[in-house]
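Visitor: Hi! I have a structure open here and would like to talk it through with you. Could you walk me through it?

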Amino acid sequence: MTWPIDAEKLCTERFGLELCETEGAGVDRTQLIELATALKNELEFGFFVYVVSVHYPAVEPIEADEEKGTEAAPGIPDRTVVHYRLRRLATDDRPTECFAFFTVVPTGESCPSVSSIWAGADWQEREQFDLVGTVFADHPDLRRIMMPEDWPGHPLRRDYAIDTQHFPWR
Amino acid sequence: MSGLESAPAAVTPDDNVQWTTVGGVRVPVELITPPWPDPYLDIEDYDPDADLMVLNMGPQHPSTHGVLRVKLFLDGEICVKCVPYLGYLHRGVEKLCEKLSYVQITPIVDKNDYVSPMMNELAINMAFEKLIEAEVPRRSQYIRTICAEIQRVGSHLLWLGTFGLDMGGAIGGGGSIFMHTFRERELLLDLFEDLTGCRFHYNTHTVGGNRHDIPAGWAAKATKVLAELNARCFEYEQFVRENEIFRARTVGVGVVDPVLAMELGISGPILRASGVDVDLRRDQPYAAYGEIDINVPTETAGDCFARYLVRVAEMRESIRIATELLKGIPEGPIGSLKPVKLAGAVKAKHGKAVYAAIESPRGELGTFVVGNTERRQAAIPYRCKIRSPSMHALQLLPYLCPGNNLSDIIVALGSLDPIMGEVDR
């Protein structure tokens with residue numbers, strides 16, 4: 001997949017970001033709102049497609065072991081990767097085009113909310129908060145949306161114990 | 001009224017409509033009505049002298065199309081604030097996708113949008129094919145496209161019938177339009193039963209192709225059924241369009257602002273009824289849509305009546321597309337991979353994230369899939385997210401309801417065509 005040329009130019013020249021082939025631009029949380037605003041106001045990405053968080057559990061650091069032949073690798077902390085996708089609707093002189101970007105949110109920290117830029121992100125962010133546990137700062141109404149309000153844990157985290165019994169009465 | 005003329009581009013003449021461009025997209029001027037109602041209105045800030053009533057519509061309410069609960073704050077008969085509550089039908093489909101292999105997921109997603117199940121299969125298998133870079137043979141693409149179009153007709157038929165019930169049987173008295181549309185939907189379900197052996201949950205698409213080939217004589221039978229249905233569509237238009245009660249209940253009710261709708265991520269008939277000419281089948285062709293011309297019916301009024309007109313025009317357009325494709329189904333295999341017997345036969349060995357989208361009867365239905373990098377888990381996706389158009393459509397309710405009276409809210413909700421299985425997943 002190729003990304004729209006103007007969006008690629010915006011990311012590489014103004015924000016200094018690298019673009020992946022399928023995931024789009026990897027952006028720091030501090031630049032997220034600035035990038036999103038520029039994409040909407042300057043490049044006309046007015047149609048909001050999705051926001052998805054993906055949880056990755058912590059990876060233990062590996063020490064070098066000459067006997068086994070393993071190389072040292074640094075550990076990675078527990079984190080969620082939040083993916084966004086936008087669409088520019090087709091008109092007479094251009095086809096429809098998508099643009100995607102993602103940001104890494106370490107567990108325990110929050111991700112800025114884009115619901116003030118695209119109103120459609122509102123429930124999507126609530127859903128990701130509910131199921132994956134990503135906290136979106138400045139969200140107007142961050143409540144659970146799918147699970148009951150008193151549900152323990154976030155089901156789509158990789159460390160969620162799936163065989164625990166949860167009774168609807170408590 | 002025989003012959004399959006293509007659907008008219010717009011039923012009302014465009015001459016009197018003023019257009020403007022917002023974000024590069026052409027939209028009718030008079031539908032743009034900011035400021036939009038505040039969905040988080042603090043009810044304490046509303047007129048303290050008003051005697052507000054809180055009404056819980058749903059989750060067991062016949063007109064909410066499933067288990068949707070809408071909390072309405074009413075001032076007399078007029079709605080002040082509306083808070084929708086979802087999750088009554090949450091089955092954890094995305095969590096199930098993390099435990100099942102690529103082959104086993106297809107019958108699970110059938111239950112998401114239970115009115116047009118084959119659309120779900122198509123959307124999720126397209127994403128898997130993109131992830132493992134599998135080709136789909138041309139014959140399979142044709143079968144998928146024909147089925148998708150017939151599913152679209154069936155879905156809109158069900159919508160038209162239940163929309164008549166929402167209005168208290170306003171169309172033709174009692175539930176008569178419901179009886180008519182369900183009689184026709186039955187014919188379509190018979191077609192699918194001949195093709196797959198099942199009437200609702202087909203499990204016919206798989207990664208890299210289809211499971212079931214077209215049986216002998218199916219194409220001729222389908223063509224005959226579709227021609228019959230095309231004639232009936234004219235009947236529905238005559239039945240409903242000049243019906244005074246139907247017009248009184250729908251014209252000017254639930255007008256959707258196209259700019260707000262685009263921001264909310266709403267696509268499909270709702271956006272097209274508000275004058276935005278957008279259709280993924282034409283703009284981003286998938287399956288066999290690249291080989292055929294598609295007319296996209298649009299309307300400029302943006303109200304419930306316009307959404308009805310768009311859906312009926314779409315039904316006729318879908319019938320035309322399916323009939324034309326049925327004439328030239330190419331020969332060849334129906335799957336690119338070997339017939340899949342083992343659950344772990346399809347594997348993705350990288351952690352890339354891909355997204356594939358289709359135009360379902362309700363709008364953009366997409367699937368976001370992340371592959372699993374762990375070698376032992378290569379046949380299971382790491383994360384799967386279904387982007388359902390109905391959930392985005394329901395986000396309109398807090399903007400649409402304030403200022404309307406209760407009976408109009410029910411009609412407006414029905415015209416959005418939400419499927420709760422898809423919203424809650």
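This is a predicted model: local features need pLDDT of at least 70, side-chain atom pairs count only at pLDDT 80 or more; totals for chains, interfaces and linings use all residues.

Visitor: What percentage of the residues in chain B is buried?

Guide: Buried residues account for 54% of the 425 in chain B. As for contacts in chain B between residues at least 6 apart in sequence, 72% of them join residues at least 24 apart.

Visitor: Let's move to helix packing. At what angle do helix 3 and helix 4 of chain B pack?

Guide: Helix 3 of chain B (residues 117-132) and helix 4 of chain B (residues 138-166) pack at about 140°, and their axes are 8 Å apart. Since angles over 145 degrees count as roughly antiparallel, that angle makes helix 3 of chain B oblique to helix 4 of chain B.

Visitor: Is the crossing left-handed or right-handed?

Guide: Helix 3 of chain B passes helix 4 of chain B in a left-handed crossing.

Visitor: Which residues meet there, helix 3 to helix 4 of chain B?

Guide: From helix 3 of chain B come Met118(B), Met119(B) and Leu122(B), and they meet Arg144(B), Cys147(B), Ala148(B) and Gln151(B) in helix 4 of chain B. By class, this contact has five nonpolar residues, one polar and one charged.

Visitor: Nice. Switching to the backbone: what is the phi of Ala287(B)?

Guide: Ala287(B) has a positive phi of about 45°, although it is not a glycine. You'll find Ala287(B) in the loop between helix 10 (280-283) and helix 11 (304-327) of chain B.

Visitor: Is Ala287(B) buried or exposed?

Guide: The cut-off for buried is 20 or more other C-beta atoms within 10 Å. Ala287(B) has 22 of them within that distance, so it is buried.

Visitor: Where does Asp417(B) lie?

Guide: Asp417(B) is in the loop between helix 14 (406-416) and helix 15 (420-424) of chain B. Asp417(B) has a positive phi of about 60° and is not a glycine.

Visitor: And is Asp417(B) buried or exposed?

Guide: Asp417(B) counts as buried, because it has 26 C-beta neighbours inside 10 Å.

Conventions. Residues are numbered from 1 along each chain as its sequence is written. Chains are lettered from A and ligands numbered from 1 in the order in which they are written. A residue is buried if 20 or more other C-beta atoms lie within 10 Å of its own, exposed if 12 or fewer, and partly exposed in between; C-beta atoms are placed from the backbone. Two residues are in contact if their C-beta atoms, placed from the backbone, lie within 7 Å. Axes are lines fitted to C-alpha atoms, for helices over the stretch in contact, and angles run from 0 to 180 degrees between N-to-C directions. Helices (H or I, at least four residues) and strands (E, at least two) are DSSP runs, numbered from the N terminus. Angles under 35 degrees count as roughly parallel, over 145 as roughly antiparallel, 65 to 115 as roughly perpendicular and the rest as oblique. A crossing is left-handed if the near helix is turned anticlockwise from the far one by less than a right angle, and right-handed if clockwise. Ala, Val, Leu, Ile, Met, Phe, Trp, Tyr, Cys and Pro count as nonpolar, Asp, Glu, Lys and Arg as charged, and the others, Gly among them, as polar.
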